[in-house]
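Here is a short briefing on a structure with its sequence. Read it with the coordinates open.

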Amino acid sequence: MSTTREFTITREFAAPRELVFRAWTDPRHLTRWYGPRGCSTPLESISADVRPGGAWRATMILDATGQEFPTGGFYLEVRPPERLVFTWREPGGDAESVITVELADLGDGRTAMTFHQSGFTTQETWENVQDGWESALERLSEHLAGHTTEEGTGS
Amino acid sequence: MEKLDAVFAALADPTRRAILARLADGEATVTELAEPFAMSLPAVSKHLKVLERAGLISRGRNAQQRPCRLVAAPLADVAEWVLAYRRFWEESFDRLDEHLREMQEGGRA
């Protein structure tokens, strides 16, 4: 392969990581920031079943033309408030990426975010993702088992 | 690789966005596109060149008319994947940063 379809962005936010994590997972937050400038993502277009295997979707609308760009995918790993991994169906296409968001507490109410996006270009990456799915499903079943034995209703 | 920058630069201008909005309804000639704007044909042609270079529109071969049409989803271009999506997220994160600041100021954290 000539180039790898992946990149990393790091950012620092003046907000505690619990809040940053919520901003990534709560539609009421996502509608305020998801998508480049010149786009809006209406609240009613967003849904997020935030658990391993759960689906999410969000449709961006290009303000200039009204053209719609549906995006969506599945959560692979959900570890509030530090790590979120999900698939991302690219706007305007069928290709998918895996996105990993890691949040580090810097103290003083500040958070460092490491964002990584990796597109599927080879059979190998597909297989990695499928492995990821298997472990996600294992975790899901462990999670469900834990809930049953603890008779938990969730926190 | 500069092409994606060209896309965003092209979209940053209100006249060019209006031209794209018009082309979303179907192809049009330069004269037709110039009509709603109080603008000379050369000025409109200049905007069209920017849009064409960004891959947002294509133009017919007929030398006289050269009707313009919208090109769908230039962001799907494989070669520009990284640039496109990096830009996508950088802009989103600028908005996220603003949103988080507003939340904090509103004391609703």
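Of the 155 residues in chain A, 26% count as buried. The model is predicted. Chain A holds three helices and eight strands.

**Chain A layout**
- Along the sequence, the elements of chain A run β-α-α-β-β-β-β-β-β-β-α.
- Take the contacts in chain A between residues at least 6 apart in sequence: 40% of these join residues at least 24 apart.

- Strand 2 of chain A, residues 39-40, pairs with strand 4 of chain A over two bridges, in the antiparallel sense.
- In that region, A:Ser40 has A:Ile61 of strand 4 as its bridge partner.
- Strand 3 of chain A, residues 47-48, is also antiparallel to strand 4 of chain A, with two bridges joining them.
- Here A:Ala48 stands opposite A:Trp56.
- Strands 3 and 4 of chain A form a hairpin with six residues between them.
- A:Gly53, in the turn of that hairpin, has a positive phi of about 90 degrees.
- Strand 5 of chain A runs antiparallel to strand 4 of chain A and is joined to it by seven bridges.
- A:Trp56 stands opposite A:Gly73 of strand 5.
- Strands 4 and 5 of chain A form a hairpin too, with five residues between them.
- The turn of this second hairpin contains A:Gly66, whose phi is positive at about 75 degrees.

- In soluble globular proteins, nonpolar side chains tend to be buried together.
- The largest nonpolar core has 30 residues; A:Val20, A:Ala23, A:Ala58, A:Phe86 and B:Leu100 touch the most other members.
- Chain A elements that give two or more residues to this core are helix 1 (17-25), strand 4 (55-62), strand 5 (68-79), strand 6 (83-89) and strand 8 (110-119).
- Helix 5 of chain B provides the largest share of this core, six residues.
- What does B:Leu100 contact, leaving aside its neighbours within four places in sequence? Its contacts are A:Phe13, A:Ala14, A:Ala15, A:Leu19, A:Val20 and A:Ala23.
- Another core, of 16 residues, lies apart from the largest one; B:Leu23, B:Ala34, B:Val44 and B:Cys68 are among its members.

**Helix 2 of chain B**
- Buried residues in helix 2 of chain B include B:Arg16, B:Ile19, B:Leu20 and B:Leu23.
- Why do they lie on the same side of helix 2 of chain B? They cover an arc of only 100 degrees around the axis, which puts them there.
- An α-helix has 3.6 residues a turn, so residues three or four places apart point the same way.

How values were computed: Residues are numbered from 1 along each chain as its sequence is written. Chains are lettered from A and ligands numbered from 1 in the order in which they are written. This is a predicted model: local features need pLDDT of at least 70, side-chain atom pairs count only at pLDDT 80 or more; totals for chains, interfaces and linings use all residues. A nonpolar core is a set of buried Ala, Val, Leu, Ile, Met, Phe, Trp, Tyr and Cys residues joined through C-beta atoms within 7 Å. A residue is buried if 20 or more other C-beta atoms lie within 10 Å of its own, exposed if 12 or fewer, and partly exposed in between; C-beta atoms are placed from the backbone. Helices (H or I, at least four residues) and strands (E, at least two) are DSSP runs, numbered from the N terminus. Two residues are in contact if their C-beta atoms, placed from the backbone, lie within 7 Å. The arc is that of the directions from the helix axis to the C-beta atoms. Two strands pair if DSSP finds at least two bridges between them.
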